[in-house]
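Please keep the sequence and the model at hand while reading.

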Amino acid sequence: MTNNAPTARWLQWLRIALQAGKRLRPSGQKRTLVWAAVAGLLGGGAALGFRFAIEELQLWFLNPPTGSIALFARLNTWERIAVPAVGGLLAGLTLVLGRRLVRGEATDYMEVIAIGDGHVPVRASIFRSLSALLSISSGEAIGREGPMVQMAAAIASLLGRWLRVSPAQLRLLVACGAAAGIASAYNAPIAGALFVAEIVLGSIAMECFGPLVLASVMASLVMRTLHGSSPLYELSQFRFEGTADLLAYAVLGALCGAVVPVFHWTLQAGRQIFSRFKLPLPLKLAVGGVVVGLLAISHPEVTGNGATVIHALIGNELAWDAIATLLVYKLLATSATFGSGAVGGVFTPALLMGACIGSLFAMALGHLDRWEAIPPASCAVIGMAAFLAGATRAPLMSILMIFEMTLNSSVLVPVMTASVLGYYVARSLGGGSLYNEQLREAAAGLFGRPVTSITVGQLMRKPEPALSPESEFREIARRFVVPHAEWVPVSGIEGQFLGIVLRDDVENNLSDTDLQGIVIAGDLLRPAPVQLSPRTTLLDAIKMVTHATVEDAPVVGSDGKLIGVLGKNDLLIALSQTGQRSTAEAKPAE
């Protein structure tokens, strides 16, 4: 007995470790916030790395590195066609290679969050992002925010799987990664959180929104520390002097909302046209690059995501005929790139559509005495907000994004007015949002179901390995060195769940050295304060664990074996994500 007794040094170390673990042991909510912050930091780093990779790859595609538009303006005719065509071909080959190496795995982060499992395959996401990197670097007309968000979400998913969190928590962590990606792309942490809350999760409950904000802030901190803190768009002049100006901005908001269905229809038409051609995917992407190159022969501004052109519009550097032509050409170029199957986002192209419409609207107002002094830059910014609100069906996100991208408080009231009107006009005309397909998947996924149909078995996480009743004290105590360990399960020889050993009981026995050599798990065994069945519904589980003395509850199957664990915080997060999306958004447009 004496030989088996723990040594004095081991006892001292164990006592210190358990006391430290008890003090440091965070609640489920605090752990969620900590991991959301980590996901934000990793997502911001991934987005920064993707931005750096684009700049480096453009050294090869577009040498010297003066920006795609400036370079395309100096290229001859065949080079303007060849660069995006070759980029599209390489991007398509990358996708094909990825599909052969990683078969049958869904890759889109919004789809993964929508169906509720939170599993974003990292290898498939890498191939998808590499394809986007080739398309974007060669000047194709598509946004960079899509792959930036994809990689941030994939890293967050990998983090959650390593932590073995519940499906609801994993879904939330992936959402935190997505918010970090959006915040990094536009230097807009609040809008990044709201984008995911409004569009992807469909919930702004604090159980979800708090971690999203924290992840976005951490990603923005990384971006601003390593890439600068200036606003994305410098707005040197903006006019808002009263009711007359507000009326003009309101009309512009309604106009942008009316044009949104045209934007949606053009994107879908591009996809339908390319689907009719029975070409291999690399050739489809190459053809899309050829279309962009043909348009770039006369207007190199159609290349890229449109951010450079937005700067020119805000700086009042373009004439009305150039803006009108660019509006049509850019719409066609984006439709060709998107329709060919290129990986990327249409967020920035949507902003460009609104900026073009706003600039043209301001130039038309210049012929009217009352509004002739409104600068085109003012209407360009308002148009961006209104068009984005109508295209994404997320007006609150659009309002805050424009404010964060300009850091000009004067825009708030006009942007709020135009965004709301743009949203309602676009919604009344139908056509859905840019994310209609993902919203339909969300309605059919786990968290789109009624609360009463979601069960514990769908929400639980894997349990820790169980002790046997004969486990010695040394083995029991080691299991509690991990700070978050509140109890450990005990199972019989055939795997039947017998009960739990609490951290407090282990700590109480540390002071009695005589008992430590003979105490086994069976001596410390207690029945679980609350025990769940995999068939227990979400609402019933919340009622059962609300007043429990422990945070995590064991889930025991019909055969009496421990099959999972579910915590109070897991249940609250799941409840906050369930049934929040309106049926109007989830249904396909008729």
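Is Ser 184 buried or exposed? Ser 184 is buried, because its relative accessible area is 2%; buried stands for under 20% relative accessible area, exposed for over 50%, and partly exposed for values in between, with a 1.4 Å probe and protein chains only. The model is predicted: local features need pLDDT of at least 70, side-chain atom pairs count only at pLDDT 80 or more, and totals for chains, interfaces and linings use all residues. Residues are numbered from 1 along each chain as its sequence is written, and side-chain values use heavy atoms, with hydrogens and water left out.

**Overall architecture**

- The protein contains 26 helices and 4 strands; these are DSSP runs numbered from the N terminus, helices being H or I with at least four residues and strands E with at least two.
- Of the 590 residues in the protein, 55% are buried.
- Among contacts with a separation of 6 or more, 76% join residues 24 or more positions apart, a contact being heavy atoms within 4.5 Å.

**Surroundings of Ser 184**

- Ser 184 lies in helix α8.
- Setting aside residues up to four places away in sequence, Ser 184 touches Gly 43, Gly 44, Ala 47, Arg 51, Met 148, Ala 219 and Met 223.

**Nonpolar cores**

- In soluble globular proteins, nonpolar side chains tend to be buried together.
- The largest nonpolar core comprises 132 residues; such a core is a set of buried Ala, Val, Leu, Ile, Met, Phe, Trp, Tyr and Cys residues joined through side-chain atoms within 4.5 Å.
- The residues with the most contacts inside this largest core are Tyr 186, Phe 195, Val 196, Leu 212, Met 397, Met 401 and Leu 532.
- A second, separate core has 13 residues, including Phe 473, Val 488, Val 490 and Val 519.
- Leu 212 is in contact with Ala 175, Cys 176, Ala 179, Ala 193, Val 196, Ala 197 and Leu 201, when residues up to four places away in sequence are not counted.

**Aromatic pairs**

- A search of the whole structure finds 5 aromatic pairs; rings of Phe, Tyr and Trp (its six-membered ring) pair if their centres lie within 6.5 Å, and planes under 30 degrees apart count as stacked, over 60 as edge-to-face and the rest as tilted.
- The rings of Phe 263 and Phe 387 make an edge-to-face pair, because their planes stand at 70 degrees, with the centres 5.5 Å apart.
- This pair links distant parts of the chain, with Phe 263 in helix α11 (residues 243-276) and Phe 387 in helix α16 (residues 376-392), 124 residues apart.
- Phe 263 and Phe 387 are both buried.
- Tyr 423 and Tyr 424 also form an edge-to-face pair, at 5.0 Å centre to centre and 70 degrees between the planes.
- Tyr 423 is buried at 9% relative accessible area, whereas Tyr 424 is exposed at 52%.
- Tyr 186, Phe 195 and Phe 347 are joined into a cluster by ring pairs.

- Cys 208 is in no disulfide, and the nearest cysteine sulfur, belonging to Cys 176, is 8.6 Å away.
- Cys 208 is buried, with a relative accessible area of 0%, and Cys 356 is buried at 1%.

**Packing of α17 and α18**

- The axes of helix α17 (residues 395-406) and helix α18 (residues 412-429) come within 9 Å and cross at roughly 150 degrees; axes are lines fitted to C-alpha atoms, for helices over the stretch in contact, and angles run from 0 to 180 degrees between N-to-C directions.
- In this packing, Pro 395, Ser 398, Ile 399, Ile 402 and Phe 403 of α17 meet Leu 412, Val 415, Met 416, Ser 419 and Tyr 423 of α18.
- Val 413 belongs to helix α18 and is partly exposed, at 42% relative accessibility.
- Val 413 is in contact with Phe 240 and Leu 246, leaving aside neighbours within four places in sequence.
- Val 413 and Ile 399 are 14 residues apart in sequence and 9.3 Å apart in space, C-alpha to C-alpha.

- Leu 407, in the loop between α17 and α18, has a positive phi near 55 degrees.
- Arg 164 has a positive phi near 60 degrees and sits in the loop between α7 (145-163) and α8 (167-186).
- Arg 164 is partly exposed, with a relative accessible area of 37%.

Definitions and conventions. A disulfide is a pair of cysteine sulfur atoms within 2.5 Å.
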